[in-house]
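Here's a quick briefing to read alongside the model. Have a look at the fold before going through the points below.

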Amino acid sequence: MNKIEELQSKIKEAMLGGGEVRIASQHKKGKLTARERLQLLMDEGSFEELDMLVHNRNRGLTTDQEQFPGDGVVTGYGTINGRLTYVFSQDFTVYGGSLSEPHARKICKIMDLAMQNGAPLVGLNDSGGARIQEGVVSLGGYADIFYRNTRASGVIPQISAIMGPCAGGAVYSPAITDFIMMVENTSYMFVTGPNVVKTVTHEEVTSEELGGAQTHATKSGVTHFACANEVECIQNIKTLLSYIPQNCEETAPVYPYEGGNELREALNTLIPASPNQPYDMKEVIAHLTDADSFFEVHKDFADNIIVGFARIGGRSIGIVANQPAVLAGVLDIHASVKGARFTRFCDAFNVPLLVLVDVPGFLPGTDQEWNGIITNGAKLLYALCEATVPKITVTTRKAYGGAYCVMNSKHIGADLNYAFPQAEIAVMGAKGAVEIIYKKEIDSAPDPETRTNELVADYTERFANPYLAAEKGYIDEVILPEQARAKLIKGFKMLENKVVNMPRKKHGNIPL
Ligand code: HXC
């Protein structure tokens with residue numbers, strides 16, 4: 001074999017990972033291989049692989065180990081929609097994609113390159129966790145990755161796709177990254193699997209129930225996306241990247257937008273006359289944003305708040321919106337945490353924020369109080385106070401009490417605050433307010449119910465409107481709903497060069 005043939009043979013061997021039989025087994029489970037996934041993810045012909053010939057150790061700590069070039073992970077760089085991206089894709093056909101020391105070193109190498117060159121990192125995870133034969137060096141490898149994930153947080157976007165098992169400490173690298181996507185029925189995330197759970201807590205639970213995509217999309221909120229299959233998952237990664245910049249020094253790409261008639265008359269009738277009647281805030285979002293541009297994040301978790309990316313006049317924005325169609329749009333623990341995390345991502349990566357407000361307040365009750373609605377509600381408050389990106393608020397209807405302050409009020413640094421004429425900006429709703437301040441009068445009235453209704457009508461007339469806030473300048477303009485889109489296009493353009501200098505500090509201490 002000459003030198004050229006020798007290299008070709010090594011490459012051929014590496015391309016096969018754990019071999020034909022294990023590749024067939026991967027396909028049988030409904031999963032693609034590490035390289036097939038990369039082919040779907042990266043622009044054609046753009047992927048440059050590094051460390052293809054890195055081997056696992058000759059001897060494990062306990063046994064002789066079979067040798068596989070690449071050692072269970074394919075790493076490198078290329079482009080996604082023409083933009084530089086660093087990527088690793090774990091190869092389940094080699095020791096179940098488990099993480100050895102060389103495997104970790106390969107991942108760290110591209111993480112360092114991603115940081116130094118200011119481009120996103122995408123991880124396609126499919127791994128049985130720490131390589132058991134390697135012992136502590138594989139734990140060290142994980143820790144090396146966690147450290148880099150944390151250093152990179154807020155510097156470059158980091159996206160984790162979970163495309164197979166993800167057990168033990170392995171879940172913590174994805175958890176530190178900005179977005180997690182899971183694939184239904186083939187991916188799992190848990191700190192300990194069903195067997196350990198049974199031993200320790202005597203609970204019987206399947207992998208799917210314990211840590212499948214639906215569980216983490218709806219119950220824990222660990223994953224931001226539950227994807228029907230791997231192809232959808234990879235498409236979601238590409239779509240997500242299209243809304244965000246390469247790094248914290250840049251802004252997201254602006255899409256061509258020709259403009260046209262920006263009046264949205266349907267908005268005038270979308271908000272019901274009765275403040276107690278629900279409507280779907282996603283319809284408001286659809287009218288305000290460029291056609292089909294809304295890309296919802298965390299769709300199945302805490303759906304009393306909506307978060308996601310969209311474009312307005314071709315510019316990328318992040319949206320945080322109360323959803324009056326679910327629990328009247330009340331803020332609870334999960335909604336606050338969801339809104340806070342998304343806000344912080346947008347702020348870290350220069351994505352302007354649009355906040356849509358229709359909120360009756362924070363959810364009362366022992367469950368919420370005992371589980372820390374105070375600390376958790378404060379996360380959303382802190383995140384919006386801290387955000388220095390352009391911030392515009394549209395109050396479509398209710399903005400009551402503390403939730404008024406929290407939802408990007410003028411006082412916490414919003415740049416432009418608009419309200420629809422239906423807006424009710426007050427300390428609380430009319431009935432609650434009247435029952436407190438007129439308690440004695442109502443109790444002593446000959447017909448308490450009639451008197452209550454009269455007082456509610458009077459309070460509604462005087463306080464349940466946007467005009468007191470507009471008189472103070474807390475609302476910059478009360479607008480016809482149909483004008484909102486045009487105002488937002490102009491507003492975000494006006495704010496595009498916004499600069500805010502923060503007080504010097506190491507970092508803030510968000511209530512965790
Ligand atoms: C070495 C492993 C491995 C591991 C799987 N394999 N996990 N090799 N270290 N952690 C190997 C198997 O021996 C097998 O090799 C191949 O990968 C495929 O595994 P199967 O079990 O046949 O596949 P499947 O039935 O799909 O089950 C996948 C699995 C299961 C659910 C991941 O293998 C499993 O439970 N593995 C152990 C998970 C685990 O406990 N990991 C350690 C977690 S602790 P062959 O040669 O047959 O192809 C941890 C600590 C990190 O990660 C801490 C960081 C701080």
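The largest nonpolar core has 125 residues, and I162, M181, I237, I319, L356, A399 and A403 are the ones with the most contacts inside it. Helix α13 (residues 333-348) gives this core its largest share, seven residues. Bear in mind that this is a predicted model: local features need pLDDT of at least 70 and side-chain atom pairs count only at pLDDT 80 or more, while totals for chains, interfaces and linings use all residues. Residues are numbered from 1 along each chain as its sequence is written.

**Core**
- A nonpolar core here is a set of buried Ala, Val, Leu, Ile, Met, Phe, Trp, Tyr and Cys residues joined through C-beta atoms within 7 Å, with buried meaning 20 or more other C-beta atoms within 10 Å of a residue's own, placed from the backbone.
- Leaving out residues up to four places away in sequence, I319 touches I285, I306, V307, G308, A310, L354 and L356 (contact: C-beta atoms, placed from the backbone, within 7 Å).

**Domains**
- The chain splits into domain 1 (3-242), domain 2 (267-428 + 465-494) and domain 3 (430-463), with bounds from an automatic or database domain assignment.
- Between domain 1 and domain 2, the C-alpha centres are 36 Å apart.
- Contacts link 10 residues of domain 1 to 11 residues of domain 2.
- On the domain 1 side of that contact, α9 (213-220) and α10 (230-242) each supply at least two residues; helices are DSSP runs (H or I, at least four residues), numbered from the N terminus.

**Annotation**
- UniProt, in an unreviewed entry, lists residues 259-505 as "domain: CoA carboxyltransferase C-terminal"; such annotations may be inferred rather than shown by experiment.
- Residues 259-505 are 40% helix and 18% strand (strands: DSSP E runs of at least two residues), and the end C-alpha atoms lie 42 Å apart.

Methods:
Buried ≥ 20, exposed ≤ 12 C-beta atoms within 10 Å, placed from the backbone. Contact = placed C-beta atoms within 7 Å.
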